[in-house]
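Dear colleague,

I am passing on the structure we spoke about, with some notes on what was found in it. Please keep it open beside this message as you read.

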Amino acid sequence: MLRPTHSLLVEYWTIEVLDGELSALRWRDAYGDALVEAAHTNLVVDWQWTVHPWGVALELGFAEADHWARFRALPVVRAALDAVPDRVSGLLIYTGRGGSHGSLVPRRPRPAPNSAAAEAPVPARRVELDVAARLAPAPFGSF
């Protein structure tokens with residue numbers, strides 16, 4: 001994996017492929033090398049494959065937004081993305097690193113609400129049924 005040796009502002013994009021009829025790992029085996037090669041020809045500065053229980057993620061870091069746009073428009077990239085195992089809901093493309101990475105700025109703890117206690121349960125109403133009246137036979141001729 002290529003790592004930048006100098007400080008640059010890198011814009012990351014993530015391509016997540018979810019398992020479908022076939023495993024996303026098989027999709028990565030078929031198209032992964034072509035995607036990484038296409039990224040290198042479009043000046044990627046950082047890339048990483050991540051395997052999840054539900055699929056795979058390719059994180060790509062580009063120094064400029066137009067490098068990502070050129071990469072995304074390549075026929076080999078479009079063909080790979082069209083061939084994901086689950087064509088309906090198995091492809092996620094978003095800016096930023098994948099869900100397994102932390103944020104660049106740590107979160108500040110939020111203050112506790114005014115009342116940190118849970119709401120008291122409401123007592124259930126007791127309902128009594130007169131079962132004996134319902135089991136009594138109907139008078140003759142009331143049908």
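I would start with the side chains of Y12 and D46, which are joined by a polar contact of 2.6 Å, the term standing for a pair of N or O atoms within 3.5 Å in which, within protein, one must be able to donate a hydrogen and the other to accept it, while residues adjacent in sequence count only if both atoms are side-chain atoms. Before going further, please note that this is a predicted model, in which local features need pLDDT of at least 70 and side-chain atom pairs count only at pLDDT 80 or more, whereas totals for chains, interfaces and linings use all residues. Residues are numbered from 1 along each chain as its sequence is written, and side-chain values use heavy atoms, with hydrogens and water left out.

Y12 lies in strand β1, and D46 has its place in strand β2; helices (H or I, at least four residues) and strands (E, at least two) are DSSP runs, numbered from the N terminus. Y12 counts as buried because its relative accessibility is 17%, and D46 is buried as well, with a relative accessible area of 2%, where buried means under 20% relative accessible area, exposed over 50%, and partly exposed in between (1.4 Å probe, protein chains only). Leaving aside residues up to four places away in sequence, Y12 touches D46, L60, G61, T95, G96 and R97, contact meaning heavy atoms within 4.5 Å.

The strands around this pair form an open sheet of four, in the order β2-β3-β1-β4 and with antiparallel pairing; two strands pair if DSSP finds at least two bridges between them. Because β2 (44-52) and β4 (91-95) stand at the edges with a single partner strand each, one side of each is left without a neighbour in the sheet.

Helix α1 (residues 24-41) lies across β1, β2 and β3 (55-62), running at about 175° to β2, with axes taken as lines fitted to C-alpha atoms, for helices over the stretch in contact, and angles running from 0 to 180 degrees between N-to-C directions. Helix α2 (residues 65-73) also packs on the sheet, where it touches β1, β3 and β4.

Which residues have the most contacts inside the largest nonpolar core? They are W27, L35, W49, L60 and F71, in a core of 22 residues, defined as a set of buried Ala, Val, Leu, Ile, Met, Phe, Trp, Tyr and Cys residues joined through side-chain atoms within 4.5 Å. The largest share of this core, six residues, comes from α1.

Finally, the count comes to one salt bridge, that is, a side-chain nitrogen of Lys or Arg within 4 Å of a carboxyl oxygen of Asp or Glu. The side chains of E59 and R97 meet in it at 3.1 Å, N to O, and the pair links distant parts of the chain, with E59 in strand β3 and R97 in the loop between β4 and α4 (131-135), 38 residues apart. E59 counts as buried at 1% relative accessibility, while R97 is partly exposed, with a relative accessible area of 27%.

With best wishes
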